Amino acid sequence: CEYLADIDYEIGFILQESFWGKGYAKEIGKAQISQIKEDLNDKRALAVVAPNNIGSIKTLESLGFVYIKDVEIPRGKRLVYCLDFK
């Protein structure tokens, strides 16, 4: 799974801290994955996360995403995760 090798779709979630730990991010992620897989017929989904965002990393991993590499973007170092639908 190479980062941005093709036209890719990236999932993400931003929640107010009072909503953390309630499962909302996972539900948002499931809906985004479904849209990418079923409605857009794509072969994978990507997610980019800050290395210190442990909650988001755990959520991505619980959705089946796997770490593929680090990238440097204008906001700093990010970890790239990928979910293949094959």
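Author: Start with strand 1 (residues 44-49) and strand 3: they run antiparallel, joined by six bridges. Strands here are DSSP runs (E, at least two residues), helices are H or I runs of at least four, and both are numbered from the N terminus. Two strands pair if DSSP finds at least two bridges between them.
Reader: Which residue is the bridge partner of Val48 in strand 3?
Author: Val80.
Reader: And what about strand 2 and strand 3, how many bridges?
Author: Seven, and those strands also run antiparallel. They form a hairpin, with two residues between them. Val66 stands opposite Cys82.
Reader: Is strand 3 mostly covered or uncovered?
Author: Mostly covered: seven of its nine residues, 76-84, are buried. Buried means under 20% relative accessible area, exposed over 50%, partly exposed in between (1.4 Å probe, protein chains only).
Reader: Where did all this come from?
Author: It is a predicted model, where local features need pLDDT of at least 70, side-chain atom pairs count only at pLDDT 80 or more, and totals for chains, interfaces and linings use all residues. Residues are numbered from 1 along each chain as its sequence is written, and side-chain values use heavy atoms, without hydrogens and water.
Reader: New topic. Why does Thr59 count as buried?
Author: Because its relative accessible area is 16%. Thr59 sits in helix 2 (residues 54-62).
Reader: What is Thr59 in contact with, leaving aside neighbours within four places in sequence?
Author: Phe13, Ala25 and Lys26. Contact means heavy atoms within 4.5 Å.
Reader: And Tyr24, in which helix?
Author: Helix 1 (residues 24-39). Tyr24 is partly exposed, at 41% relative accessibility.
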